[in-house]
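This briefing goes through one protein model by topic. Please keep the sequence and the structure open while reading.

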Amino acid sequence: MIETLFLLVAGLLGGAVNSLAGGGSFIVFPALLFVGVPPVIANASNTYAALPGYVSGTFGYWHAMARHKDRLVLYAIMAAVFGYVGAELLLVVSDELFSLVVPWLMGFAVLLFIFGNRLNGFVASLHGGRRGMKVLGQALLMAFLAGVCVYGGFFNAGLGILLLAFLATAGMNDIHAMNGLKLYISAIVALVAVARFALSGSIDWYHGSIALVGVVTGGYLAAKYAHHIPTQWIRTAVIIYGVFMTGYFFWGAYF
């Protein structure tokens with residue numbers, strides 16, 4: 001009963017944070033570990049819990065994405081293929097090895113969360129518009145997307161920030177369309193990964209579903225009452241929590 005309540009609250013907070021500022025995986029993933037879910041399964045279950053938010057968000061931004069319909073098929077193929085590769089990589093990693101990798105992944109994701117806006121702005125300034133695509137070349141651009149999708153299939157946290165950096169590199173500057181495409185790609189990566197995890201029995205359906213209910217509910221409530229909470233307060237709290245959890249995982253893995 002206590003575990004159920006704990007995961008539900010973690011899901012509520014994670015969903016609310018995702019809706020307001022992003023970074024909900026910093027809450028849900030550690031919560032799954034704390035209730036005794038093994039690291040690899042906890043990571044897979046966290047992706048499962050995040051999936052409905054990606055799907056609903058994609059539909060919410062669908063009109064903003066309409067002007068970029070020519071990208072959808074290619075991005076979907078890239079997301080499906082390389083998201084699957086990332087999921088396969090997770091499944092061949094032992095819990096022991098993944099426990100050693102988690103602090104580095106968490107640290108990387110926290111840094112992305114802190115400096116993501118600056119990164120996206122810097123990338124956009126270097127590769128603005130169509131000229132940027134010509135300079136980089138389509139092949140290099142797709143290699144960037146492939147790497148991001150592999151990361152997303154392997155570890156969900158920080159995926160959205162990397163995708164925004166990719167879309168800025170691809171010459172986009174409409175933030176609403178970028179958010180829509182970010183969620184669209186994330187949904188496909190998560191869907192393929194969850195399907196693969198399910199086939200291998202790597203999802204804790206009980207604990208993951210409790211977190212999922214919390215994430216969906218928290219996301220809905222936060223979206224409804226978002227105007228009452230300053231986004232910067234949420235970002236600051238997520239950063240402090242993310243840094244703390246990264247330090248905690250480093251201590252547990254290496255000391």
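**Helix α3 against helix α10**

In this predicted model, Ala44, Thr47, Tyr48, Leu51, Tyr54, Val55, Gly57 and Thr58 of α3 are in contact with Leu183, Tyr184, Ser186, Ala187, Ala190, Leu191, Ala193, Val194 and Phe197 of α10. By class, the residues of this contact are 13 nonpolar and four polar, with no charged ones. The two helices span residues 39-60 (α3) and residues 175-199 (α10), and their axes come within 8 Å and cross at roughly 145°. The crossing of α3 and α10 is left-handed.

**Overall make-up**

- The protein has 12 helices and zero strands.
- Among contacts between residues at least 6 apart in sequence, 82% join residues at least 24 apart.

**Helix α1 against helix α11**

- Helix α1 covers residues 2-20 and helix α11 covers residues 205-224; their axes come within 6 Å and cross at roughly 40°.
- At that angle α1 is oblique to α11.
- The crossing of α1 and α11 is right-handed.
- On the α1 side, the contact is made by Glu3, Thr4, Leu7, Leu8, Gly11, Leu12, Gly15, Ala16, Ser19 and Leu20.
- On the α11 side, the contact is made by Tyr206, His207, Ile210, Ala211, Val213, Gly214, Val215, Thr217, Gly218, Gly219, Ala222 and Ala223.
- The residues of the contact of α1 with α11 comprise 12 nonpolar, nine polar and one charged.

**Helix α5 against helix α8**

- Helix α5 (residues 69-91) packs on α8 at an angle of about 45°, and the axes are 7 Å apart.
- This angle makes α5 oblique to α8.
- The crossing of α5 with α8 is right-handed.
- From α5, the contact uses Leu74, Tyr75, Met78, Ala79, Phe82, Gly83, Val85, Gly86, Ala87, Leu89 and Leu90.
- From α8, the contact uses Gln138, Met142, Leu145, Ala146, Cys149, Val150, Gly153 and Phe154.
- In the contact of α5 with α8, 15 residues are nonpolar, four are polar and none is charged.

**Aromatic pairs**

- The structure holds 13 aromatic pairs.
- In one of them, the ring centres of Phe29 and Phe155 are 5.7 Å apart and the ring planes stand at 85°, so this pair is edge-to-face.
- Phe29 belongs to helix α2 (residues 25-34), while Phe155 sits in the loop between α8 (138-154) and α9 (159-169), so the pair ties together parts that are 126 residues apart in sequence.
- Both Phe29 and Phe155 are buried.
- The rings of Phe98 and Phe154 have centres 5.8 Å apart and planes at 65°, so this pair is edge-to-face.
- Phe98 lies in helix α6 (residues 95-126) and Phe154 in helix α8, 56 residues apart, and the pair links these distant parts of the chain.
- Phe98 has a relative accessible area of 0% and is buried.
- Phe154 counts as buried at 15% relative accessibility.
- One aromatic cluster is formed by Phe29, Phe34, Phe98, Phe108, Tyr151, Phe154, Phe155, Tyr248 and Phe249.

- Helix α2 is mostly covered, with nine of its 10 residues buried.
- Its buried residues are Ser25, Phe26, Ile27, Val28, Phe29, Pro30, Ala31, Leu32 and Leu33.

**Ile161**

- Ile161 lies in helix α9.
- Its relative accessible area is 16%, so Ile161 is buried.
- Ile161 and Ile114 are 47 residues apart along the chain, and their C-alpha atoms are separated by 10.0 Å.

Conventions: Residues are numbered from 1 along each chain as its sequence is written. This is a predicted model: local features need pLDDT of at least 70, side-chain atom pairs count only at pLDDT 80 or more; totals for chains, interfaces and linings use all residues. Side-chain values use heavy atoms; hydrogens and water are left out. Axes are lines fitted to C-alpha atoms, for helices over the stretch in contact, and angles run from 0 to 180 degrees between N-to-C directions. Helices (H or I, at least four residues) and strands (E, at least two) are DSSP runs, numbered from the N terminus. Angles under 35 degrees count as roughly parallel, over 145 as roughly antiparallel, 65 to 115 as roughly perpendicular and the rest as oblique. A crossing is left-handed if the near helix is turned anticlockwise from the far one by less than a right angle, and right-handed if clockwise. Contact means heavy atoms within 4.5 Å. Ala, Val, Leu, Ile, Met, Phe, Trp, Tyr, Cys and Pro count as nonpolar, Asp, Glu, Lys and Arg as charged, and the others, Gly among them, as polar. Rings of Phe, Tyr and Trp (its six-membered ring) pair if their centres lie within 6.5 Å; planes under 30 degrees apart count as stacked, over 60 as edge-to-face and the rest as tilted. Buried means under 20% relative accessible area, exposed over 50%, partly exposed in between (1.4 Å probe, protein chains only).
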